[in-house]
Amino acid sequence: MKKKEQAARTRAVLVLAAANNFDRHGYDGTSLAAVCAEAGTTMGALTFHFRSKAVLAEAVADEGSARCAGSAPAVPPGRARCRTSPRWSSTW
């Protein structure tokens with residue numbers, strides 16, 4: 001696998017692991033070590049892609065928004081496109 005493909009895969013795995021941990025434990029209850037353990041990566045890999053937990057959380061939110069917007073049917077302007085869900089999708 002090429003380096004760019006591997007880096008993209010690692011980033012995606014980290015975002016999914018973070019989403020799962022934020023869902024189970026909340027932002028404050030999630031450690032970067034727990035994210036790395038679930039993702040099967042090192043702290044070095046995590047910090048390569050995300051300089052802080054806040055930046056990782058932004059990536060999780062961006063991914064969730066992108067998935068929500070891409071899967072929602074067209075709705076009239078001014079209406080919410082997505083329902084807020086307490087659970088993150090495990091299909092990422």
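Predicted model: local features only at pLDDT ≥ 70, side-chain atom pairs only at ≥ 80, totals over all residues.

Reader: Is Val 35 buried or exposed?

Author: Val 35 is buried, because its relative accessible area is 0%, and the cut-off for burial is under 20%.

Reader: Which residues does Val 35 contact, leaving aside neighbours within four places in sequence?

Author: Val 35 is in contact with Leu 14, Ala 17, Ala 18, Asn 21, Thr 30, Leu 46 and Leu 56, with those neighbours left aside. As for Ala 18, its C-alpha atom is separated from that of Val 35 by 5.4 Å, although the two residues are 17 apart along the chain.

Reader: How many residues are in the largest nonpolar core, and which have the most contacts inside it?

Author: That core has 15 residues, and those with the most contacts inside it are Leu 14, Ala 18, Val 35, Leu 46, Phe 50, Leu 56 and Val 60. Two or more residues each come from α1, α2 (32-39) and α4 (53-71). Helix α1 provides the largest share, six residues. As general background, nonpolar side chains tend to be buried together in soluble globular proteins.

Reader: Let us turn to α1, then. Which of its residues are buried?

Author: The buried residues of α1 are Thr 10, Leu 14, Val 15, Leu 16, Ala 17, Ala 18, Ala 19, Asn 20, Asn 21, Phe 22 and Asp 23.

Reader: Why does Thr 10 count as buried?

Author: Thr 10 counts as buried because its relative accessible area is 13%, which falls under the 20% cut-off. Beyond residues up to four places away in sequence, Thr 10 touches Thr 41, Ala 45 and His 49.

Reader: What is the span of α1 between its end C-alpha atoms?

Author: Helix α1 (residues 3-29) spans only 32 Å between those atoms, whereas a straight helix of 27 residues would span 39 Å at 1.5 Å a residue.

Reader: Where does α1 bend?

Author: The bend is at Asp 23 and amounts to about 90°. Asp 23 is also among the buried residues of α1.

Reader: Changing topic: how many salt bridges does the structure hold?

Author: The structure holds one salt bridge. Its partners are Glu 38 and Arg 24, with the closest N and O atoms 2.4 Å apart. The pair links distant parts of the chain, as Glu 38 is in helix α2 and Arg 24 is in helix α1, 14 residues apart.

Reader: What are the relative accessibilities of Glu 38 and Arg 24?

Author: Glu 38 is at 34% and therefore counts as partly exposed. Arg 24 is partly exposed as well, with a relative accessible area of 46%.

Reader: To finish, what is the overall secondary structure of the chain?

Author: The chain has four helices and zero strands, which gives the pattern α-α-α-α along the sequence.

Reader: What percentage of the residues is buried, and what is the accessible surface?

Author: Buried residues make up 27% of the 92 residues in the chain. The accessible surface comes to about 6,300 Å², and 55% of it belongs to carbon and sulfur atoms.

Reader: And the contacts between residues at least 6 apart in sequence: what percentage join residues at least 24 apart?

Author: Among those contacts, 59% join residues at least 24 apart.

Definitions and conventions. Residues numbered from 1 in each chain as written. Heavy atoms only, no water. Buried < 20%, exposed > 50% of the residue type's maximum accessible area, 1.4 Å probe, protein only. Contact = heavy atoms within 4.5 Å. Areas by Shrake-Rupley, 256 points an atom, 1.4 Å probe, with all protein chains shown as cover. Expected span 1.5 Å × (residues − 1). Bend = angle between axes of the 7 residues up to and from the residue. Core = buried A, V, L, I, M, F, W, Y, C linked by side-chain atoms within 4.5 Å. Salt bridge = Lys/Arg side-chain N within 4 Å of Asp/Glu carboxyl O.
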